[in-house]
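Me: I would like to learn how to read helix packing and pockets in a model. Can you take me through one?

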Amino acid sequence: MAIFISCLGLLGLISLLTLQRTKEIGIRKVLGASITNITTLLSADFLKLVLIAVIIASPLAWFMMSKYLQNFAYRIDIQWWIFAVTAAIALLIAFVTVSFQSVKAAMANPINSLRNE
C-alpha cells in the first residue's frame, strides 16, 4: 500500500512537471528529439532524487535494524545485497512510474503545445 501511495505522489509530480514543460517538450520534438531522449530528460531528475533517498535511508535502516536484532537470542547479520536489491527495485518502480507519463507527453502532438491560446 505504501508503494502504491508513493507511486501516486510520484505520478502527480511528473504530471505537474510535464504540464510546466509542455512548450519545451514541443520545441524539442520539432527539433528532432526522440521519445527516448525526452523520456530520459524528464526521468533523470526524479531518478536522482530516488537515488539520494536510498543513499540516505540505507544507513539509517541498517542502523535501526541492527539495534532491533540485538534484542534476540539468535541474531543474523544484515547483508549488503538486501539494500542493493531494495535500491534497484525502488529505482525500477520510480522509472516505470515516471516513464508512463513522460512517454505520454513525448508522444503528444507538438503543434498543440506550441499554439498560443
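**Helix packing and pockets**

Reply: Start with handedness: α1 and α4 cross in a right-handed way. Keep in mind that the model is predicted.

Me: At roughly what angle do the axes of α1 and α4 cross, and within what distance do they come?

Reply: The axes of helix α1 (residues 2–20) and helix α4 (residues 80–106) cross at roughly 30° and come within 9 Å. Angles under 35 degrees count as roughly parallel. The two helices, α1 and α4, are therefore roughly parallel to each other.

Me: Which residues of α1 and α4 meet?

Reply: From α1, they include Ile3, Cys7, Leu10 and Ile14. From α4, they include Ile93, Val98 and Phe100. By class, this contact of α1 with α4 has 10 nonpolar, four polar and no charged residues.

Me: What volume does the second largest pocket have, and what lines it?

Reply: The second largest pocket has a volume of about 190 Å³. It is lined by 14 residues, with Thr18, Thr22, Lys104, Ala105 and Ala108 nearest its centre. Here α2 gives the largest share of the lining, four residues. The classes in this second lining are five nonpolar, seven polar and two charged.

Notes. Residues are numbered from 1 along each chain as its sequence is written. This is a predicted model: local features need pLDDT of at least 70, side-chain atom pairs count only at pLDDT 80 or more; totals for chains, interfaces and linings use all residues. Side-chain values use heavy atoms; hydrogens and water are left out. Axes are lines fitted to C-alpha atoms, for helices over the stretch in contact, and angles run from 0 to 180 degrees between N-to-C directions. Angles under 35 degrees count as roughly parallel, over 145 as roughly antiparallel, 65 to 115 as roughly perpendicular and the rest as oblique. A crossing is left-handed if the near helix is turned anticlockwise from the far one by less than a right angle, and right-handed if clockwise. Contact means heavy atoms within 4.5 Å. Ala, Val, Leu, Ile, Met, Phe, Trp, Tyr, Cys and Pro count as nonpolar, Asp, Glu, Lys and Arg as charged, and the others, Gly among them, as polar. On a 1 Å grid over the protein atoms alone, a cavity is a set of points where a 1.4 Å probe fits but cannot get out, and a pocket is an open set with protein on both sides within 12 Å along at least five of seven lines; lining residues have an atom within 4 Å of a point. Grid points are joined across faces, edges and corners, and a volume is the space filled by probe spheres set on the points.
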